[in-house]
Amino acid sequence: MPPTATSSASQKLSEPLGIFGGTFDPVHFGHLRLAEESIGHLGLGAVRWIPAGQPPHRGRPQVTAGQRLAMVAQATAGNDRFTVDASEVEAPVPSYTVNTLERLRRELGAEQSLVLLVGADAFAGLASWHRWSDIFALAHVAVSHRPGFPVEIGSLPPALATAFGARRLSDIGRLKASPAGAIVTFAMTQLAISATQIRKLLANDLSARYLLPDAVLDYIQTHSLYRNS
Ligand code: ATP
């Protein structure tokens with residue numbers, strides 16, 4: 001099991017800390033490569049994975065929050081730059097990113113550079129998130145390319161396009177010079193894998209092997225998950 005956020009991840013880092021929230025229903029290699037490649041591309045000291053408890057932007061996940069957390073723990077085990085934060089899973093209220101970042105600020109202080117990691121599809125919907133414009137006072141935002149989702153000003157809703165134009169930083173090395181406020185994009189290995197696709201395969205009794213770690217697939221099989229989606 002990776003360390004939890006109450007151990008090593010609570011220590012302040014000299015490098016920026018990546019924050020990676022998601023439903024992870026289930027976690028797959030697209031998520032893992034995003035987190036892994038963000039460390040190299042963005043110069044992060046670590047990535048903190050934060051599975052959502054009750055995701056506000058989508059229907060109820062098909063498995064319990066505890067099961068999604070356990071799968072993320074399995075997938076990230078053995079990578080000492082990854083930590084898993086169980087706080088949102090245990091929370092009784094919906095997980096809004098802005099509240100999560102406020103919690104992290106209280107924990108880590110005003111100086112720590114925080115980088116919220118999002119795929120291009122999630123970024124395109126950012127302007128619908130609760131108090132979305134407050135996010136930039138709390139963290140930088142790093143957008144990874146994802147097959148089928150271009151990151152272009154012209155394809156974003158107007159308010160987000162304006163924020164993107166004003167905050168875009170091309171020198172990624174400057175992410176550690178300030179705690180929050182910039183938007184960067186980075187190209188990761190393009191993997192057209194989605195949790196939706198995996199759930200469909202499993203519901204149809206088809207193989208999802210090589211789309212996600214074997215340990216996660218074993219967990220899914222042991223607990224008979226995703227059989228009737
Ligand atoms: P679903 O298919 O159920 O919507 P998902 O595969 O998109 O799920 P999420 O847990 O919703 O997974 O995504 C968490 C984050 O990971 C989001 O920011 C999303 O954009 C990003 N992400 C997911 N899959 C990929 C991928 N294959 N490549 C790049 N980013 C990804």
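The model is predicted, and the points below concern a cis peptide bond at proline 26, positive phi values at phenylalanine 24 and serine 224, and a buried arginine without a salt bridge, arginine 105. As background for the backbone points, most residues other than glycine have a negative phi, and most peptide bonds are trans.

**The loop between β1 and α1**

- The peptide bond that runs from aspartate 25 to proline 26 is cis, and its omega is near 5°.
- Proline 26 belongs to the loop between β1, which spans 17-22, and α1, which spans 29-42.
- Phenylalanine 24 is also found in the loop between β1 and α1, and its phi is positive, near 50°, although the residue is not glycine.
- Phenylalanine 24 counts as buried because its relative accessibility is 2%, which is under the 20% cut-off.

**The segment after α9**

- Serine 224, a residue other than glycine, has a positive phi near 50°, and it lies in the segment that follows α9 (214-222).
- With a relative accessible area of 40%, serine 224 is partly exposed.

**Arginine 105 in α4**

- Arginine 105 sits in helix α4, which covers residues 97-108.
- Arginine 105 is buried yet has no salt bridge, since the nearest side chain of opposite charge, that of glutamate 111, is 7.9 Å away, whereas a salt bridge requires the side-chain nitrogen to be within 4 Å of a carboxyl oxygen.
- Leaving aside residues up to four places away in sequence, arginine 105 touches Ala110, Glu111, Gln112, Leu114, Leu138, Pro179 and Ala180.

Technical notes. Residues are numbered from 1 along each chain as its sequence is written. This is a predicted model: local features need pLDDT of at least 70, side-chain atom pairs count only at pLDDT 80 or more; totals for chains, interfaces and linings use all residues. Side-chain values use heavy atoms; hydrogens and water are left out. Helices (H or I, at least four residues) and strands (E, at least two) are DSSP runs, numbered from the N terminus. Buried means under 20% relative accessible area, exposed over 50%, partly exposed in between (1.4 Å probe, protein chains only). Lys and Arg count as positive and Asp and Glu as negative; His and the chain ends are not counted. Contact means heavy atoms within 4.5 Å.
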